[in-house]
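Here is a short briefing to read alongside the sequence and the model. Have a look at both, then follow the points below.

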Amino acid sequence: MRSIRLVLVGALVGVGAVAIGPAAPAAAALPLENCYNNERPQHGDGAFWSAPGNQHTPWAAPAGIQDGDIFRITASGSVRVDYWGTSKNIVGELPAPGLGSGWPAPDSPRYALVAKVTAGLIWSTRTGRLYHANEWFPVGADSRCVQFQGWDVGIPQLVFSYNDPNLGDNGGGAQVAVKQWW
């Protein structure tokens, strides 16, 4: 279970009020700032784990997922995209397939590692976009910082897949690690 941080804020009432006592310590860095600076997370996967190229793979979320949590996902690997052995790096390739193309993430590189949340929203610093529940966002080799937003949305999951309209003929996959700040 997570510990809850409490921040006490004092208010001065009236003109000329004087604060008595020692100065308050500087506020702790915000989770997003910690992610940007790649500071030590509150949770980090102890080792890379496998996200196979032919399925949707939920992340175990050992610390749960709560409103305001920040994630940074790193990965490496390649996915086989057909029965003939054609492999693509999980970074994907441009151009993006575009709307109406039938690809899961039309604005993301083809064959890239992608992720979604099953409830709530994800804001991506990489794209500057807000992604709704079950809308795939780009991960590739580094998602950069993404923020989960969702009050009272049940138990959301973070799920990984590939930007490929046919996972059935895929193989290979990515080795993934997730860092989490709150």
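Which residues does Leu121 touch, not counting residues up to four places away in sequence? They are Leu130, Tyr131, His132, Gln147, Phe148 and Gln149, where a contact means heavy atoms within 4.5 Å. This is a predicted model, in which local features need pLDDT of at least 70, side-chain atom pairs count only at pLDDT 80 or more, and totals for chains, interfaces and linings use all residues. Residues are numbered from 1 along each chain as its sequence is written, and side-chain values use heavy atoms, with hydrogens and water left out.

**The chain overall**
- The chain holds one helix and twelve strands, taken as DSSP runs numbered from the N terminus (helices: H or I, at least four residues; strands: E, at least two).
- Of the 182 residues, 38% are buried (under 20% relative accessible area; exposed is over 50%, partly exposed in between; 1.4 Å probe, protein chains only).
- Among contacts with a separation of 6 or more, 70% join residues 24 or more positions apart.

**Around Leu121**
- Leu121 belongs to strand 7, residues 121–124.
- With a relative accessible area of 23%, Leu121 is partly exposed.
- Gln149 is 28 residues from Leu121 along the chain, yet their C-alpha atoms are separated by 5.0 Å.

- An open sheet has the strand order 3-11-6-9, with antiparallel pairing (two strands pair if DSSP finds at least two bridges between them).
- Strand 3 (57–58) and strand 9 (137–138) each have a single partner strand, so one side of each lacks a neighbour in the sheet.
- Two bridges link strand 3 to strand 11 (residues 158–162) in the antiparallel sense.
- Pro58 sits opposite Val159 of strand 11.
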